[in-house]
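Open the model in your viewer and keep the selection tool at hand. The stops below say what to pick and what is there.

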Amino acid sequence: QVQLVESGGGLVQPGGSLRLSCAASGTIFSIYDMGWYRQAPGKQRELVATASRGGSTKYADSVKGRFTISRDNANNTVYLQMNSLKPEDTAVYSCNAVANSGDYPRIYWGQGTQVTVSS
């Protein structure tokens, strides 16, 4: 099994920045894609950004130019640097990883971390 633990959420004013981290632990043979999703109250969960093991990245249009996803493959960690935050970025952000812990690749989720953008 693989466990994902997020950190770095909190309350920030509009225009501010936050950096989220997600560390994977447990029995890990390999991790393929890692990414961040978010869910705002009353809305469906949506993709924020993903990063492949080789470094390819993908972003939601709403965060392009403001958010940056990066990975530390040696430490099984993915980061999300969020700049120029807007109130509409308020949501629970969850880490996601496609990982193989011994049998076949599975999708794992973290518990989520709250990000609130408000003055």
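## Stop 1: the disulfide

Select C22 and C95: they form a disulfide, with sulfur atoms 2.0 Å apart. A disulfide here is a pair of cysteine sulfur atoms within 2.5 Å. The pair links distant parts of the chain, C22 in strand β3 (residues 18-26) and C95 in strand β9 (residues 91-100), 73 residues apart. Strands are DSSP runs of E with at least two residues, numbered from the N terminus. Look along the S-S bond of C22 and C95: the torsion is about -80°, so this disulfide is left-handed. Both C22 and C95 are buried, meaning under 20% relative accessible area; exposed is over 50%, and partly exposed lies in between (1.4 Å probe, protein chains only). The whole-structure search finds one disulfide.

A word on the model: it is predicted, local features need pLDDT of at least 70, side-chain atom pairs count only at pLDDT 80 or more, and totals for chains, interfaces and linings use all residues. Residues are numbered from 1 along each chain as its sequence is written, and side-chain values use heavy atoms, with hydrogens and water left out.

## Stop 2: the neighbors of β3

Six bridges join β1 to β3, and the two run antiparallel. Two strands pair if DSSP finds at least two bridges between them. Pick S7: its bridge partner in β3 is S21.

Pick L18 and find M82 of β8 opposite.

## Stop 3: the salt bridges

How many salt bridges does a search of the whole structure find? It finds five. A salt bridge is a side-chain nitrogen of Lys or Arg within 4 Å of a carboxyl oxygen of Asp or Glu.

Select E46 and R38. They form a salt bridge, and the closest N and O atoms are 2.6 Å apart. Is R38 buried or exposed? R38 counts as buried because its relative accessibility is 6%. E46 has 35%, so E46 counts as partly exposed.

Next, select D103 and R106. Their closest N and O atoms are 2.6 Å apart in another salt bridge. D103, at 44% relative accessibility, counts as partly exposed. R106, at 29%, is partly exposed as well.

Finish on D61 and K64. This salt bridge has its closest N and O atoms 3.1 Å apart. Both D61 and K64 are exposed.

Methods: Helices (H or I, at least four residues) and strands (E, at least two) are DSSP runs, numbered from the N terminus.
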